[in-house]
Amino acid sequence: MTAFKKSLLAVAACAGLTFGSISAKAADIVDTAVSAGSFNTLVTAVQAAGLVETLKGDGPFTVFAPSDEAFAKLPAGTVEDLLKPENKDKLVSILTYHVVPGKVMSGDIAGKEMTVASVQGDTIDVNATNGVMVDGASVVTADIETDNGVIHVIDSVIMPGM
């Protein structure tokens with residue numbers, strides 16, 4: 001393969017990545033979570049808590065989104081119990097603890113340790129000195145941009161001091 005063909009392929013690949021990231025930003029936090037396919041439990045919980053319209057709002061929001069695998073780490077029956085109508089307030093508290101006002105990208109906090117206020121009201125410990133840890137949960141995928149904020153995927157469900 002000639003150097004010209006290699007360069008042309010490299011340019012085509014980069015153009016595809018660039019345009020792909022633009023089209024990926026065409027949805028809000030909820031729609032992005034639904035289309036990802038790895039947040040089914042989170043989406044179900046957001047619906048049960050009545051937070052869909054809030055997270056589809058203008059924002060911007062930073063969401064530390066537990067994956068389905070993160071929810072699976074909870075003790076058996078925990079998710080089912082939280083989804084019961086009589087536990088809606090507790091569910092809302094847990095879910096809004098995963099949300100921070102504003103759009104915080106990983107580059108904004110790289111190398112820093114801090115506490116940030118969640119929408120729920122309690123503070124979250126963030127350590128971005130070696131990767132990013134949020135209340136002991138690891139950010140496994142950062143900076144999924146949406147129309148109304150950003151999603152950072154975490155490997156555990158974090159709990160407010162209830």
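Predicted model: local features only at pLDDT ≥ 70, side-chain atom pairs only at ≥ 80, totals over all residues.
Welcome! Residues are numbered from 1 along each chain as its sequence is written, and side-chain values use heavy atoms, with hydrogens and water left out. Helices (H or I, at least four residues) and strands (E, at least two) are DSSP runs, numbered from the N terminus.

**How H3 and H7 pack**

- The axes of H3 and H7 lie 9 Å apart, and the two helices pack at an angle of about 125°.
- That angle makes H3 oblique to H7; angles under 35 degrees count as roughly parallel, over 145 as roughly antiparallel, 65 to 115 as roughly perpendicular and the rest as oblique.
- For these values, axes are lines fitted to C-alpha atoms, for helices over the stretch in contact, and angles run from 0 to 180 degrees between N-to-C directions.

**The largest cavity**

- The structure holds two cavities of 30 Å³ or more. On a 1 Å grid over the protein atoms alone, a cavity is a set of points where a 1.4 Å probe fits but cannot get out, and lining residues have an atom within 4 Å of a point.
- The largest cavity has a volume of about 160 Å³. Grid points are joined across faces, edges and corners, and a volume is the space filled by probe spheres set on the points.
- Its lining is made up of 17 residues, and Ile29, Leu42, Val46, Leu55 and Val63 lie nearest the centre.
- At least two lining residues come from each of helix H2 (29-36), helix H3 (40-49), H4 and S1. H3 gives the largest share of this lining, with four residues.
- By class, the lining of the largest cavity has 15 nonpolar, two polar and no charged residues. Here Ala, Val, Leu, Ile, Met, Phe, Trp, Tyr, Cys and Pro count as nonpolar, Asp, Glu, Lys and Arg as charged, and the others, Gly among them, as polar.

**The second largest cavity**

- The volume of the second largest cavity is about 60 Å³.
- Residues lining the second largest cavity include Ala45, Phe71, Val79, Leu91 and Val157.
- Helix H6 (78-82) and helix H7 (88-97) each supply at least two residues of this lining, and the largest share, three residues, comes from H7.
- Nine residues of the lining of the second largest cavity are nonpolar, one is polar and none is charged.

**Backbone points to look for**

- Gly59 and Pro60 are joined by a cis peptide bond, with omega about 5°. You will find Pro60 in the loop between helix H4 (52-55) and strand S1 (61-66).
- Asp135 is not a glycine, yet has a positive phi of about 50°. Asp135 sits in the loop between strand S5 (133-134) and strand S6 (137-146).
- With 30% relative accessibility, Asp135 counts as partly exposed. Buried means under 20% relative accessible area, exposed over 50%, and partly exposed in between (1.4 Å probe, protein chains only).
- Asp143 also has a positive phi, of about 60°, although it is not a glycine. Its place is in strand S6, and Asp143 is partly exposed at 28% relative accessibility.

**Pairs apart in sequence**

- From C-alpha to C-alpha, Asp143 and Val104 are 8.5 Å apart in space and 39 residues apart in sequence.
- Ile144 lies in strand S6 and is partly exposed, with a relative accessible area of 25%. The C-alpha atoms of Ile144 and Val63 are separated by 9.8 Å, and these residues are 81 apart along the chain.
- Pro85, in the loop between H6 and H7, counts as exposed at 73% relative accessibility. Between the C-alpha atoms of Pro85 and Ala48 there are 7.8 Å, with the two residues 37 apart along the chain.
- Val34 is part of helix H2 and is partly exposed, with a relative accessible area of 47%. Val34 and Thr44 are ten residues apart in sequence and 9.7 Å apart from C-alpha to C-alpha.

Notes
1 Å grid on protein atoms, 1.4 Å probe; cavity = no way out; pocket = protein on both sides within 12 Å on 5 of 7 lines; lining within 4 Å.
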